[in-house]
Each structure stands twice: as structure tokens, then as C-alpha cells.
Amino acid sequence: MVWKNQTWTSFKNDIPISWSKVVDNKMIIYSNRAGYQRILEDGSTKSISSVPSTDVDYDATNACYWGAVPKRGLVRFTDGQSFAPNGPISNYAYKLKFIGDRLFVCPGGRWAIEYQRSAHLSFYQNGLWSGWDEEYIKEKAGLPYWTDVVSVAASASNPSSYFVG
């Protein structure tokens, strides 16, 4: 709905909406099929970006939209510029474990609030974050699907080999 001339009118849209929010006094809608759209005063929509992201916000200083894009960081929709600060793969932390000088962060726990988290593992060493994402772990394990990484251990015979479970 659009508020115009003291009345609500329906906006013109033929796509299913996944979510909506108000950004810089403008209604933004998101659809898995059409990406981000801004609803204009006449009820029509204008595309902002088709890049899948988990959130979007408007940068009034630079007159552009930024999106939080998984595995890419913050992406400016006008030109695709991205900003990804060094950090863990996700903000999920079910268990922390030091192995040598490396801090591992396990993201998920079975039967807990962290249930069904993607199989990834972050680690911090020498002042930098790194990690193994879900695709890497599934490839190494030879499994098509894996969730809920709850623990990590180093091999006694080869400390640079790890067991992830």
C-alpha cells in the first residue's frame, strides 16, 4: 500500500514479496524472483538490485543502496563495489576451542537453538580470521549435506590434520 494524498492505494506488483522495510522514508520490498524494488509515489516499482542479500540500507551521503551479501560482505548496489572486513565466516558461536595457537569457532549444536546451522568452521590465528565454508567441508567429507558442526579436534599423529564433527 502507498500513502498518497491522505489515502492508501495499492501499488502495482505481480510478484510475491518475501519481506519489506522502510529505508530513508521509502518502502523497499524484496522478492526472490525480482530482487530489491523501491515503491514509487505512483505505486509503481523501481529496481534497486537483483543481488541476493540478507538486508539493505540507504547511504544518504553517497545516494546509494548497500546490501549485506553472504560471502561478499557489504555490496554497493550502484556499482557492485564490496567491502568485506576480516572476520569469522558467521556470527554463530556454539563452541570455542583452542588447538595450539589457533582459536576455532564451531557454529552449531544439535537439539539446541543453533540446530541446522550450515557446516562451516572459522579460526583465528596470527591476528587474522580464516575458515572452511560449507562447500569445502562437504567436498572434503564426501557428503552432499552436512549441518551442525559442534566440535573440532587435531590428529595426535599429525597436528595439521583436523577432525570436524
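Modeller: The protein has one helix and 16 strands, where helices (H or I, at least four residues) and strands (E, at least two) are DSSP runs numbered from the N terminus. This is a predicted model, in which local features need pLDDT of at least 70 and side-chain atom pairs count only at pLDDT 80 or more, while totals for chains, interfaces and linings use all residues. Residues are numbered from 1 along each chain as its sequence is written, and side-chain values use heavy atoms, with hydrogens and water left out.

Colleague: In what order do the strands of the open sheet lie?

Modeller: Two strands pair if DSSP finds at least two bridges between them. Here an open sheet of four strands has the order β7-β8-β9-β10, with antiparallel pairing. Its edge strands, β7 (55-59) and β10 (82-83), each pair on one side only. Two bridges join β9 to the antiparallel β10, and V75 stands opposite S82 in β10.

Colleague: How many residues lie between β13 and β14 in their hairpin?

Modeller: Two residues lie between them, and N126 in the turn has a positive phi of about 55 degrees. β13 (residues 121-125) pairs with β14 in the antiparallel sense over five bridges. Y124 stands opposite W129 in β14.

Colleague: Which strands supply at least two residues each to the lining of the largest pocket?

Modeller: On a 1 Å grid over the protein atoms alone, a pocket is an open set of points where a 1.4 Å probe fits, with protein on both sides within 12 Å along at least five of seven lines; lining residues have an atom within 4 Å of a point. The strands in question are β8 (64-69), β9 (73-76) and β14 (128-132). The lining of the largest pocket has 18 residues, of which V69, K71, G73, P88 and I89 lie nearest the centre.

Colleague: Is K138 buried or exposed?

Modeller: Buried means under 20% relative accessible area and exposed over 50%, with partly exposed in between (1.4 Å probe, protein chains only). K138, found in helix α1 (residues 134-141), has a relative accessible area of 14% and is therefore buried. Contact means heavy atoms within 4.5 Å. Leaving aside neighbours within four places in sequence, K138 is in contact with L143, P144, Y145 and W146.

Colleague: What share of the protein is buried?

Modeller: Buried residues make up 31% of the 165 residues.
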